[in-house]
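These are my notebook entries on one model. I list what I looked up, entry by entry.

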Amino acid sequence: MKHCLVVDDSRVIRKVACRILESLQFVTEEAEDGAAALDACRTKMPDVILLDWQMPHMTGIEFLRTLRRQNDGTTPIVVFCTTENDVGHITEALNAGANEYIMKPFDREILEAKFAQVGLL
Amino acid sequence: MTPAAFANLADMLRRRSGLVLTPDKMPLANSRLAPVAHLFGFKGVASLLAEFPYPREEIAQAVTEAMTTNETSFFRDREPFAYFRDVMLPALTIARASTRRLRIWCAAVATGQEAYSLAMLLDEANLAGFDWKIDLIATDLSAGAIARAKDGVYSQFEVQRGLPIHALLKHFTQEGNQWRVNDRLRRMVSFRTFNLLDNFGWLGEIDVIFCRNVLLYFDSQSKSAAFARLGETLVPDGTLVLGATEIGAESFVAAADAPRGFFVRSRIAASRAAILSG
């Protein structure tokens, strides 16, 4: 089973995303901001990270840039999932190494489609 | 809704569109026709159906459109589009190299996502850059759906169903919470309202027909007639793409080494067509 780290400062969003992902046969883990996500990655690198943008301590984009510098630059797969829905933010995320981008609000169908697009389903 | 009113509705739908409406769809009919009843100033669905069996043309059209299924998404089911891009298109560029002409028809395009998905693949292949003439024709029974398809404006929810983020940035322009298909892509598609029960003559010969998940809703007589006309419209070596769970008529056989839903004309039907076309 693939391992997905869900990074979001909203507990509700994390729970909703985890429930959907578990129904898609993912093992899930939660982190409430970028700093906690980095710690989780040091302990065990996930196959995919579902990543919010605006979070305290370390934002999603700061986390992604740090992750891409530290790792081999291409893994793990990172799918942004954020209310930052404008072209500028999307472009910035892709340039920083995001593989896909979900504009909140999302549902099971969107999550499933996006994970399929990056080869996880 | 009385059984008699439902029978009148089902009869009109079959005559106008070939769609079969079984009695278990009565709750669906009620929910879909409520807005139509409101639009035309009726007290409710029962009052609307009291106009049947011979309603005014605009009512009959609105009822038919309301009862058709417009479920679609960009790159729906993914596999047919991947096969089109990776196998069919390269093969067609070889097979049609002498004419540099390719004609593709989306026969039940709903709100346009299937046609725009194909347009994106054709744009990536850049055949037009090598002087190919590509006709991408997209039709649907619903005038409302075709109007939306021509407009090319989709919600945030719609563009996230199947459309990779890179394709969204490349082919769409953001307008608030909506996304508009860029003119370059829109110019590649000719949209038109068309009923699959009508004469296909205006279409000419087509290399690839996408007719996914529509004929399965037709009654057997309308389905047979539609398959016959699809066969006449396809070039002898053309491909008919149905939904993955659909079965072609006797004049078609499953395409070799293709995903489910891809059909070519049977050898006999293709030979007959080649002789007739001289």
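I began with the packing of helix 2 of chain A: its buried residues pack against strand 1 (2-7), strand 2 (26-31), strand 3 (48-51) and helix 3 (60-70) of chain A. Helices (H or I, at least four residues) and strands (E, at least two) are DSSP runs, numbered from the N terminus.

The model is predicted: local features need pLDDT of at least 70 and side-chain atom pairs count only at pLDDT 80 or more, while totals for chains, interfaces and linings use all residues. Residues are numbered from 1 along each chain as its sequence is written, and chains are lettered from A and ligands numbered from 1 in the order in which they are written.

I then asked which residues of helix 2 (residues 34-43) of chain A are buried. I found A:Gly34, A:Ala37 and A:Cys41. They lie on the same side of helix 2 of chain A because they cover an arc of only 55 degrees around the axis, the arc being that of the directions from the helix axis to the C-beta atoms. An α-helix has 3.6 residues a turn, so residues three or four places apart point the same way. On the face turned away from the buried side, I noted the exposed residues A:Asp39, A:Arg42 and A:Thr43. A residue counts as buried if 20 or more other C-beta atoms lie within 10 Å of its own, as exposed if 12 or fewer, and as partly exposed in between.

Next I looked up the contact of the two chains, which takes 15 residues from chain A and nine residues from chain B. Helix 4 (87-95), strand 5 (100-103) and helix 5 (108-117) of chain A each supply at least two residues of the chain A side. Helix 5 of chain A gives the largest share, five residues.

B:Phe81, B:Phe84, B:Arg85 and B:Leu89 of helix 5 of chain B meet B:Ser117, B:Leu121 and B:Ala125 of helix 6 of chain B.

Last, I checked the domains of chain B: the assignment, automatic or from a database, gives domain 1 (3-67) and domain 2 (79-276). Their C-alpha centres lie 29 Å apart. Six residues from domain 1 of chain B and twelve residues from domain 2 of chain B form the contact.

Note on methods:
Two residues are in contact if their C-beta atoms, placed from the backbone, lie within 7 Å.
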